[in-house]
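My entries follow in the order in which I made them.

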Amino acid sequence: MPREALTVKGDDMDELLSKDEFRTALEDAIKGREAKNASFSMAWANGELKREHFARWAENHYHYVGPFADYLAYIYAHTPDHATDAKDFLLQNMYEEELSDVRHTDLLIRFAEACGTTRERVMDERNMNAVTRGLQGWCYAVAMREHFAVATAALVVGLESQVPSIYRKQYPPLIEAYGFGEDDVEFFDLHITSDEVHGERGYQIVLDYADTPELQQRSLDLVRAGAEMRFAYTKSLYDTYVAPDLERV
Amino acid sequence: MPTIRYVTSGCAVDFADGDDVNMLRVAIRNECHVPYRCASGNCGTDRVHVEDGHENLSAPRRRERERLGDLLDDGWRLACQTYVSGDCSVTWDPDQTALDERATDRSLPDAVNERLARRWLSAEDTD
């Protein structure tokens with residue numbers, strides 16, 4: 001069967017894809033929806049933002065990535081014991097987010113403070129916009145309700161695996177165009193590389209444990225949805241905080 | 001099509017012209033058995049010696065410079081921190097462990113212990 005016929009949105013698969021076919025389909029499910037191409041990301045990479053825009057980004061981003069270990073913990077709780085490698089991956093990912101080094105959200109707050117906002121403002125959930133609230137809620141719902149392979153597909157493949165491509169584009173201008181110091185932007189530098197490995201191991205879990213046509217189809221649907229959620233979240237930052245500034249000019 | 005040669009495990013992996021790919025991610029995906037632990041540039045378990053193709057590797061990142069120090073000048077790189085844009089060959093010791101054992105120590109880092117103590121223990125307990 002041609003690959004295109006297996007991955008068209010809305011089509012239900014009736015046969016199991018090989019791991020190579022499934023991997024390609026997962027990668028295709030993200031294409032065209034990459035957050036690196038959303039308006040806020042483009043403006044960031046083009047050196048068009050001001051520090052207050054980054055401050056608003058941090059005040060939103062905290063509420064999306066801050067609970068990432070919580071999302072993973074929900075997945076961990078309903079991953080069966082026999083899937084030891086999947087459980088180990090989830091636990092290690094949680095450990096790295098929270099304990100292995102500087103807590104990742106503390107690095108985000110360090111960047112936020114360099115942008116002129118405060119830890120209190122970043123942590124205050126009233127400062128996120130409605131789309132960020134929707135993304136956070138979607139992450140919790142997927143983590144709590146879906147099969148562990150499907151949830152891993154959504155959150156690790158659909159969302160986390162995009163991080164290196166986003167931050168590799170956004171990190172250089174932070175130093176060169178916006179004038180931040182290396183300490184200020186360690187959050188981005190760290191995630192460029194660590195999420196390469198998280199993303200790859202996430203793919204392996206999904207390829208190994210989404211082992212029925214139904215689980216593969218559900219994984220593809222939620223990877224697509226996750227990519228759309230992250231794109232919408234990133235676009236909304238531009239619409240909410242950047243576009244009004246441009247209109248005033 | 002450029003090729004990464006993981007000489008120690010006998011793997012050779014091609015990637016598309018124009019791409020630049022993470023050396024450790026490619027090794028994991030293709031089961032090339034480069035040892036690694038933290039994948040964040042802290043522990044140094046995934047250090048590889050570059051035999052050929054230095055010019056096709058990304059500039060060393062901050063954590064890599066801090067972790068490897070003088071080893072960088074001797075041709076070592078951290079696979080997790082290195083992006084490859086053309087042919088290269090790397091070797092390593094299959095039994096190598098972390099450069100900084102503290103980074104892979106199962107016990108919690110000092111800062112975390114202090115944070116947990118503040119959260120869970122009374123002032124008298126921590127005196």
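At what angle do the axes of helix 9 and helix 10 of chain A cross, and within what distance do they come? I found that the axes of helix 9 (residues 130–145) and helix 10 (residues 148–159) of chain A cross at roughly 155 degrees and come within 8 Å.

**Conventions.** I am working with a predicted model, in which local features need pLDDT of at least 70 and side-chain atom pairs count only at pLDDT 80 or more, while totals for chains, interfaces and linings use all residues. Residues are numbered from 1 along each chain as its sequence is written, and chains are lettered from A and ligands numbered from 1 in the order in which they are written. Helices (H or I, at least four residues) and strands (E, at least two) are DSSP runs, numbered from the N terminus. I take axes as lines fitted to C-alpha atoms, for helices over the stretch in contact, with angles from 0 to 180 degrees between N-to-C directions.

**Helices 9 and 10, chain A.** Angles under 35 degrees count as roughly parallel, over 145 as roughly antiparallel, 65 to 115 as roughly perpendicular and the rest as oblique. Helix 9 and helix 10 of chain A are therefore roughly antiparallel. I noted their crossing as left-handed (the near helix is turned anticlockwise from the far one by less than a right angle; clockwise would be right-handed). Contact is scored when two C-beta atoms, placed from the backbone, lie within 7 Å. On that basis Cys139(A), Val142(A) and Ala143(A) of helix 9 meet Ala151(A), Ala154(A) and Leu155(A) of helix 10. By class this contact has six nonpolar residues, no polar and no charged (Ala, Val, Leu, Ile, Met, Phe, Trp, Tyr, Cys and Pro count as nonpolar, Asp, Glu, Lys and Arg as charged, and the others, Gly among them, as polar).

**Helices 2 and 12, chain A.** I then took helix 2 (residues 19–30) of chain A, whose axis comes within 10 Å of that of helix 12 and crosses it at roughly 130 degrees. The two are therefore oblique to each other. Their crossing is right-handed. Lys19(A), Phe22(A), Arg23(A) and Leu26(A) of helix 2 make the contact with Tyr203(A), Val206(A) and Leu207(A) of helix 12. I get five nonpolar, no polar and two charged residues there.

**Helix 7, chain A.** Helix 7 (residues 104–114) packs on helix 12 (residues 186–209) of chain A at about 140 degrees, with the axes 8 Å apart. That makes helix 7 oblique to helix 12 in chain A. His104(A), Leu107(A), Leu108(A) and Phe111(A) of helix 7 meet Glu186(A), Phe187(A) and Leu190(A) of helix 12. The contact divides into five nonpolar residues, one polar and one charged. Next I checked burial: a residue is buried if 20 or more other C-beta atoms lie within 10 Å of its own, exposed if 12 or fewer, and partly exposed in between, with C-beta atoms placed from the backbone. Buried residues in helix 7 of chain A include His104(A), Thr105(A) and Ile109(A). Their cover includes helix 4 (51–65), helix 6 (84–98), helix 8 (119–123) and helix 12 of chain A. After helix 7 of chain A comes Gly116(A), with a positive phi near 100 degrees.

**Cores.** Which residues touch the most other members of the largest nonpolar core? I listed Leu26(A), Ala58(A), Ile75(A), Ala153(A), Leu155(A), Val206(A) and Val223(A), out of 77 residues. Helix 13 (residues 213–248) of chain A supplies the largest share of this core, 11 residues. Apart from it lies another core of 26 residues, among them Trp76(B) and Trp92(B). A nonpolar core here is a set of buried Ala, Val, Leu, Ile, Met, Phe, Trp, Tyr and Cys residues joined through C-beta atoms within 7 Å.

**Gln217(A).** This residue lies in helix 13 of chain A. Gln217(A) counts as buried because it has 20 C-beta neighbours inside 10 Å. Leaving out residues up to four places away in sequence, Gln217(A) touches Asp12(A) and Met13(A).

**Chain B.** I counted four helices and seven strands in chain B. Of its 127 residues, 32% are buried. Contact with chain A involves 16 residues of chain B and 13 of chain A. Helix 1 (residues 23–29) of chain B gives the most to the chain B side, with four residues. That side has seven nonpolar, five polar and four charged residues.
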